[in-house]
Amino acid sequence: MRLVLAAGLVALAATAQAADPLPRLNILPGSLTVSGVSAGGYMATQYQVAYAKDVIGAGIVGAGPWYCAQGRLTTAINECTKGSPAGPETRPLVAALRASADAKAIDDPSWIAPDRIWIFHGRHDRKIGAAVADSLLRFYKVFVPPERMRYETQVMAAHGFPTTGAGGGCDSDEPPWILDCGFDGAGEMLRFLYDDLAEPAGEIAGELRSFDQALYGPEDAGVSLAKTGFLFVPKDCAAGRPCRIHVVFHGCRQGVDDIGKAFARDTGYIRWADANRIVVLYPQVARSLIAPLNPSGCWDWWGYTGAGYATRNGAQLAAVRRMLIALGG
C-alpha cells in the first residue's frame, strides 16, 4: 500500500499558483457531500445543516452535534470535547435548529432526511469523548432514518483521521493527527455516501491544485481563512466530463499553515476521488494570534466569527459556498 500510494503521488501534476482562481467544472447537480475531522467534523455538520438542500451526505470523524457549543467557548472546551458521561444534551440543539429554520437562517431540516450519515469515533480517542459522538448520533436520529446512517466505533484509533498506509501510529495523539490504522477512513466513508464507487487502481492521474481563497471570502481578517486552499481535480473532470463533488474540512493544526498539503495528500480521499470522478475541495483556515483568537487554526464551531457562525450567516460557511458556486456546484 505504501509503495502504490507513493507511486501515485509522484504522478500528481504540478500544483497551480496560489493566486489562481478555482476552475469552472462540470459538477453533477445533487452530488455534493461533505466531511471533516474534529473541528472540521463540527464544520461539516454546520455546512450540511445550513445548506441542507445542496448536501446529500456527511462524514463526521471525531466530533459532536451541530451547534454543540451554542456560541460559548467554555461549552466547546468542556461539554463538546471530553464531555460528561451522558454527552451533550441534544434537545436544545434540535430546538435551535428548528428556530433557525423558521428564521430562514438555514434550510428546512426536512432536506436532511434523505442524506447518508457516516460517523467515526476512535476507541482510543482521548480528545473527543465517546458520549460526545453518541450525542451526534442521537442528534442525527431526529432527522435521518437509522438505515441511512453508519456509526463506526471499533477501530483502535486515537483522535485523528484513520488511514491505510499514511500518518503516524494509530494510537498516536500528536500532530498531524493522520493515523495509520489499517483502516481506510476516506474509502469507507465515500463508499457509504456514494454507493457505486470503483476500487482505486493504478497511479493517480489527477491534479492537486492550490487556489486563492481570498477571492471567495470577505476581506475581514476576522474570518480566519488562509490565503491558500486546495482542490483535487481528476483528469476526466479537468477534461469536462461530469463529476461529483466532496468538501473536506481539516481539523485544528491540520491546515496549510501547519502541515502544508499533508492533510489533502495523505488522508486517502485522492485515491478514491481519482478512480471515481469526484472533485475534492479542501478549504483552509489560518492561525490567528489576534482577534479573533484562533491560535490552532480551527474552523469556527464555537462563534469566534460571530453569532451566526453555524448558519448561512456564518462568514466561513458563506465563503465555502462561494467556492462551490465558482466550481459549478
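Colleague: Which residue in S3 does Gly59 stand opposite?

Modeller: Bear in mind throughout that this is a predicted model. Strand S2 covers residues 55–61 and strand S3 residues 116–120, and the two run parallel, joined by five bridges. Within that pairing, the residue of S3 that stands opposite Gly59 is Trp118.

Colleague: In what order do the eight strands of the open sheet lie?

Modeller: The edge strands, each pairing on one side only, are strand S4 (149–152) and strand S8 (207–212), and the pairing in this sheet is mixed. The twist averages 15° from one strand to the next. Read across the sheet, the order is S4-S3-S2-S1-S10-S11-S9-S8.

Colleague: What angle does the direction of helix H5 make with that of S4?

Modeller: Helix H5, residues 130–141, packs on the sheet and touches S2, S3 and S4. Helix H6, residues 185–193, lies across strand S1 (27–37), S2, S3, S4 and S10, and its angle, taken to S3, is about 160°. For helix H5 and S4, the angle is about 175°.

Colleague: Turning to the open sheet of three strands, what is its order?

Modeller: Its edge strands are strand S5 (161–163) and strand S6 (168–169), each of which pairs on one side only. S5 pairs in the parallel sense with strand S7, residues 178–180, over three bridges, and Thr163 has Asp180 in S7 as its bridge partner. The order is therefore one with S5 and S6 at the edges, since an edge strand pairs on one side only, and it reads S5-S7-S6.

Colleague: Is Cys252 buried, partly exposed or exposed?

Modeller: Cys252 lies in the loop between strand S10 (243–249) and helix H8 (256–259). Leaving aside residues up to four places away in sequence, Cys252 touches Ala39, Trp177, Ser296, Gly297 and Cys298. Because its relative accessible area is 22%, and buried would require a value under 20% while exposed would require one over 50%, Cys252 counts as partly exposed.

Colleague: How many residues of the lining of the largest pocket are charged?

Modeller: About 540 Å³ of space lies in the largest pocket, and of the 22 residues that line this pocket, the closest to its centre are Ser38, Cys252, Ser296, Cys298 and Trp301. The largest share of the lining, four residues, comes from helix H3 (residues 73–82). By type, the lining residues divide into 13 nonpolar and seven polar, and the number that are charged is two.

Key: Residues are numbered from 1 along each chain as its sequence is written. This is a predicted model: local features need pLDDT of at least 70, side-chain atom pairs count only at pLDDT 80 or more; totals for chains, interfaces and linings use all residues. Side-chain values use heavy atoms; hydrogens and water are left out. Buried means under 20% relative accessible area, exposed over 50%, partly exposed in between (1.4 Å probe, protein chains only). Contact means heavy atoms within 4.5 Å. On a 1 Å grid over the protein atoms alone, a cavity is a set of points where a 1.4 Å probe fits but cannot get out, and a pocket is an open set with protein on both sides within 12 Å along at least five of seven lines; lining residues have an atom within 4 Å of a point. Grid points are joined across faces, edges and corners, and a volume is the space filled by probe spheres set on the points. Ala, Val, Leu, Ile, Met, Phe, Trp, Tyr, Cys and Pro count as nonpolar, Asp, Glu, Lys and Arg as charged, and the others, Gly among them, as polar. Two strands pair if DSSP finds at least two bridges between them. Axes are lines fitted to C-alpha atoms, for helices over the stretch in contact, and angles run from 0 to 180 degrees between N-to-C directions.
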